[in-house]
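I will write down each thing as I look it up.

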Amino acid sequence: MTVKFEVDHDKCIASGACVLAAPEVFDQDEDGIVVLLREEPGPDLESSALDAMRACPAAVIQTVD
Amino acid sequence: MPELQSIVVVGAGAAGLHTAEALRVAGFAGRLTIVGEEADVACDRPPLSKQVLAGEWTPDRAELFSTSRLEQLNADWRLGVRAARLDLAGRTVELASGEHLSYGALVVATGMFARTLPHQPPLRHLHTLRTLQDALTLRTSLLRSREARRLVVIGAGFLGLEVAATARNLGCDVTVVEPQPGPPLASRLGSLAASRILAAHEDRDVRIITGQGVGRIVGDGDVQAVELTSGACLRADTVLMAIGAVPAISWLQGSGLDLSNGVVCDEFCHAGSGVWAVGDVASWPHPVLGARVRLEHRMNASEQARVVAANIMGAAVPFAPIPFFWTDHYDDKVQVLGWFAPEGEAEVVESSADGRSFVQTFSADGDLVGALLWNAPRRLATLRARLTDARRPMPDTSRTRS
């Protein structure tokens, strides 16, 4: 089963921690706010996307059941 | 090292939860017990002075971990109970309930509690702000009546000034009192950013009084006024004491651990005898900085958690972060990476034409040591890379863990 992610843009504090951990899955807009590039990153990128979730200092990123 | 059977994490805030998660990710499959003093898992603290106090978020929005993420910790929870005592030799934590928890490794992540004025008796509408409950009761005080909108904040640090901004937006009449002279936050951010923050508050008619101490807070059940050491008296309907926080380590007194600066650890964040410390309580010799530090930042809690979990599992990684924190005042977002060097040089390296954003770098002895971004979050990645490159080789990290 592939893991699906969601982000809460209003919680984002623009630390860029997600982009550092998983640049293929997350980006930032011009205000630094997270942009989710792939809701379902797939098996190759899943572990780095989970790293990004854990690295975020504002609990912006969640997995969806 | 014999295989670890059980780990006890004391503290269910950001530092504790992130360490627990990192331990599971690192492959720890044994018994993991998490002790938390609050009745629930702590919420994330940075939003408390901002969105939660403002009423923009319901409290559940400030949760640290989703339910599924908590479940994946596969932990035994002891919530609503304090750790009372540590038996270092016997590797046992005694809880206030009387329960004894034995451990192979112990993680101290008890964080801090808010400092209060000495000998100050409790009064209604006199607050500190550390927990979710604190934020909700402060909000109730601020909004209780149209005729009771005067807030006095004691302490012009990050917390005090963030609350001042939020309360002003709620329509309160706000005065901030700071015993230190000079512009607030200048020692933490440099004079440029500090003066901009000060101006943002003054533009909104927040009064900031510096260089005056607080004598006492008076009231007759309800708080009524703040008396300054100068003799002046500030009428108040609500008072917030934002005068810093103290490591919550009294339960470790007499255990034999060095508590001279929080929990004193080595560069691996090991305090000795299988005890590790994470987050606000932990001080350790930063291997690049060459000095002992204790960081009270949200980002530090999760970064340190990851390193400590790896080290508990047998690695020997010195903890050498580039610190990061942020603070919000009205529409301005300030981010700081690395270290501000009060004696060093500060230079504005870029700024927007309208002056709404700028980037400042901090140097010490010619080396880049930090950067401040004023409404310029997109520049973080570049500056983080520059700071990483600017690091000198570590003098001695080859020492192995005892």
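**Where chain A meets chain B**

I began with the polar contacts, and across the interface of chain A and chain B I found seven residue pairs in polar contact, both residues of a pair being at pLDDT 80 or more. I keep in mind that this is a predicted model.

Next I asked which elements give two or more residues to the side of chain A that touches chain B, and they are helix 1, strand 2 (26-28), helix 2 (43-55) and strand 4 (61-64) of chain A. Helix 2 of chain A gives the most to this side, with four residues. When I sorted the residues of this side of chain A by kind, I had eleven nonpolar, five polar and ten charged.

I then looked up the extent of the contact, which takes 26 residues from chain A and 23 residues from chain B, while the two chains bury about 1,900 Å² between them, with 49% of it on carbon and sulfur atoms.

For salt bridges between chain A and chain B my count is three. One of them joins B:Arg61 to A:Asp8, where the closest N and O atoms are 2.8 Å apart.

**Helix 9 of chain B**

Which residues of helix 9 (residues 380-389) of chain B are buried? I noted B:Leu380, B:Leu383, B:Arg384 and B:Leu387. Seen down the axis of helix 9 of chain B, these buried residues fall within an arc of 105°, so they line one face of the helix. They pack against helix 1 (17-21) of chain A, and also against strand 23 (324-329), strand 24 (332-338), strand 26 (358-364) and strand 27 (367-374) of chain B.

Technical notes: Residues are numbered from 1 along each chain as its sequence is written. Chains are lettered from A and ligands numbered from 1 in the order in which they are written. This is a predicted model: local features need pLDDT of at least 70, side-chain atom pairs count only at pLDDT 80 or more; totals for chains, interfaces and linings use all residues. Side-chain values use heavy atoms; hydrogens and water are left out. Buried means under 20% relative accessible area, exposed over 50%, partly exposed in between (1.4 Å probe, protein chains only). The arc is that of the directions from the helix axis to the C-beta atoms. Contact means heavy atoms within 4.5 Å. Buried area is the accessible area (1.4 Å probe) that two parts lose on being put together, summed over both. A salt bridge is a side-chain nitrogen of Lys or Arg within 4 Å of a carboxyl oxygen of Asp or Glu. A polar contact is a pair of N or O atoms within 3.5 Å; within protein, one must be able to donate a hydrogen and the other to accept it, and residues adjacent in sequence count only if both atoms are side-chain atoms. Ala, Val, Leu, Ile, Met, Phe, Trp, Tyr, Cys and Pro count as nonpolar, Asp, Glu, Lys and Arg as charged, and the others, Gly among them, as polar.
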